[in-house]
Every structure is written in C-alpha cells, then in structure tokens.
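Subject: Structure for your review

Dear colleague,

Please find below the structure that I am handing over to you. My findings follow it, and I would ask you to read them with the model open.

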Amino acid sequence: MVTPLLRWENVTVMHDEVTALDQCSLSINEGEHIAILGPNGSGKSTLIKTITRELYPRWPVPRCRMEVYGQQIWNVWELRAWMGIVTNDLVHQCTQPYPVLETILSGFHSSVGIWPYHPITPEMEARAEELLDLLEIRHLKDRLLTEMSSGEVRRAVIGRALAHRPKALILDEPCNSLDIAAMRELREVMRTLAGSGVTVILVTHHLPDIIPEIGRVVCMRRGRIYRDGPKAEVLTEECLSDVFETPVRVFEHDGFYHMW
Ligand code: ADP
Ligand code: MG
C-alpha cells in the first residue's frame with residue numbers, strides 16, 4: 001500500500017471562538033492533483049495553514065491524526081521543504097524591488113531577497129534557470145517585481161515556491177484579481193506544472209481555475225468537508241448549489257467547468 005502524502009482524521013481548528021475546520025478527514029496521494037473548492041469563509045485557507053503548520057488543530061480530540069508521509073511529528077522546516085506554497089499574502093510580501101532571478105533563489109532560504117549570509121550554489125543557480133523556462137519568465141529574469149504585472153509577479157513567486165523541488169505545490173486562490181488574459185496564462189502555467197511531477201493542491205472559489213489535470217475536488221462548506229470525489233461527480237448543480245448556498249447552473253467546456 002502506498003503511504004499518502006497527507007492523511008488527516010478528525011482535524012478541528014478554532015480561530016478564537018470560531019470553528020474554522022470541523023472534524024475534517026482527508027487523504028491525498030502523491031501525484032494526485034486536487035482542488036479544494038468552497039465559498040469565502042468556508043475554511044479553505046485555514047485548511048492550508050494547518051497543512052503547513054501555521055495553525056494547529058484543537059488538541060486533544062479523540063481520533064485526531066495529522067500525518068505527512070505517515071509521520072505525525074515533523075520538524076516544521078523539514079516539513080515545509082516538502083511543500084511549496086503560494087498565498088496572496090506571500091505574493092504581497094514578495095512584491096519588493098528584487099529581480100525575478102533573486103526572488104526565485106530566495107526560495108532556498110525562505111527569505112525575501114538574498115542577503116550576504118545566504119550562500120547560493122551553482123546547483124541552486126541551475127535550478128532557478130530551469131524554473132525561468134518552466135514558468136516562461138526568462139525574459140523577466142532581471143526585472144524587479146515592483147515593475148511587473150500581477151500575473152508575472154505570481155509566476156515569479158511560484159518559482160520561489162518550487163526552488164527546493166517540493167513534492168506538493170499549494171496555490172491559495174492563485175487567480176484572484178487577475179484580468180482574463182493573466183488568468184489564462186496562469187492556468188496554462190498550472191497545467192505545465194501539473195505535468196511536471198509536482199502534486200498540485202489548488203484552493204479556489206472559482207470553477208474555471210480547476211484545470212483539466214485536476215481529477216478530484218474537495219468541497220468545503222462551513223468548515224466541513226461537504227463532498228470529496230471525482231470532479232465530474234462533485235461539480236454538479238445540486239452539490240454546488242448546496243456548497244455556495246445559492247442556486248447555480250454548471251456547464252463544462254473543453255475540460256473546464258463554469259458556474260453562474
Ligand atoms: P476561506 O479561505 O475559505 O475564505 P478561512 O479559512 O479564511 O476561509 O476562514 C474560515 C473561518 O475562520 C471564517 O469564518 C473566518 O472568518 C474565520 N477566520 C479566518 N481567519 C481568522 C482569524 N485570523 N481570526 C479569527 N477568525 C478567522
Ligand atoms: Mg482563503
């Protein structure tokens with residue numbers, strides 16, 4: 001039997017008095033691209049922050065388990081090296097007057113910018129060069145992040161998250177506030193990444209972000225996992241009307257789903 005990348009049982013997370021995650025159980029295998037879908041406030045970001053151990057579950061709770069590769073106790077730095085994460089907060093923090101190449105290299109040191117005490121090896125440089133091509137941002141190599149469009153900045157920050165070759169790439173609402181062209185470009189980047197070996201964990205409230213390579217969708221509603229299964233079984237009008245708490249219509253075109 002393959003050990004899952006992530007296995008949770010009965011995870012409950014509170015923000016003060018608010019139960020942001022309520023007894024969530026979830027298992028993700030390596031190579032299984034997955035979307036976590038739900039309306040604002042449904043607990044998606046809390047789920048991600050609990051995976052990366054920025055937040056911790058309520059403890060002790062009977063039968064609560066949180067494993068990564070079968071292991072419950074992790075050195076948090078080691079754990080984070082297994083995961084690359086891009087959130088809107090991180091994109092904001094990284095939007096500093098540093099060039100794209102330096103931003104990617106800073107991923108090796110979990111810093112923003114490279115400082116004299118941050119060694120950069122030829123292997124790190126070679127990896128950063130590889131990422132410039134993978135993310136199609138070679139032409140922006142020396143451009144400062146403060147002088148780039150939002151879509152370009154996001155690609156640079158994705159490069160930073162991929163520097164140390166994580167097993168999983170977690171993208172929290174990556175297309176938020178992008179215009180239609182930038183959104184399409186970013187979806188193409190996600191498709192390339194999904195084909196490159198990293199497990200993509202996409203968090204969104206927007207159906208068209210769910211690229212065709214994502215086969216499984218987990219729907220969140222009011223802090224609970226409401227539905228978890230193959231995309232075609234989950235993205236139905238009945239399920240999404242419940243999840244978004246408003247009647248919706250759904251259609252599929254060219255492997256992408258849309259809702260209105
Ligand atoms: P989503 O990412 O799906 O929009 P969140 O995980 O951010 O949802 O939020 C889930 C719930 O937790 C919401 O009710 C939200 O108001 C609450 N919440 C999130 N962050 C905090 C915080 N730092 N302090 C208090 N409540 C929070
Ligand atoms: Mg969120």
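Please note that this is a predicted model.

The shell around ligand 1 consists of H15, V18, A20, P39, N40, G41, S42, G43, K44, S45 and T46. Sorted by class, these comprise seven polar, three nonpolar and one charged residues. Two elements, β2 (18–28) and α1 (44–51), each contribute at least two residues to this shell. The largest share, three residues, is supplied by α1.

Several polar atoms lie beside oxygen atoms of ligand 1. A polar side-chain atom of T46 is 2.5 Å from one such oxygen. For S45, a polar backbone atom lies 2.9 Å from an oxygen atom of the ligand, and for G43 a backbone N or O atom lies 3.1 Å from a ligand oxygen. Ligand 1 on its own exposes 560 Å², of which the protein buries 58%.

Is α1 itself largely enclosed or exposed? Six of its eight residues are buried, so the helix is largely enclosed by the rest of the structure. A residue counts as buried when its relative accessible area is under 20%. The buried residues of α1 are K44, T46, L47, I48, T50 and I51. Of these, K44 and T46 also belong to the shell around ligand 1. After α1 comes R53, which has a positive phi, near 60°.

Yours sincerely,
A colleague

Terms used:
Residues are numbered from 1 along each chain as its sequence is written. Chains are lettered from A and ligands numbered from 1 in the order in which they are written. This is a predicted model: local features need pLDDT of at least 70, side-chain atom pairs count only at pLDDT 80 or more; totals for chains, interfaces and linings use all residues. Side-chain values use heavy atoms; hydrogens and water are left out. A residue is near a molecule or strand if one of its heavy atoms lies within 4 Å of it. A polar contact is a pair of N or O atoms within 3.5 Å; within protein, one must be able to donate a hydrogen and the other to accept it, and residues adjacent in sequence count only if both atoms are side-chain atoms. Accessible areas come from the Shrake-Rupley method with a 1.4 Å probe; for residues, only the protein chains shown count as cover. Helices (H or I, at least four residues) and strands (E, at least two) are DSSP runs, numbered from the N terminus. Ala, Val, Leu, Ile, Met, Phe, Trp, Tyr, Cys and Pro count as nonpolar, Asp, Glu, Lys and Arg as charged, and the others, Gly among them, as polar. Buried means under 20% relative accessible area, exposed over 50%, partly exposed in between (1.4 Å probe, protein chains only).
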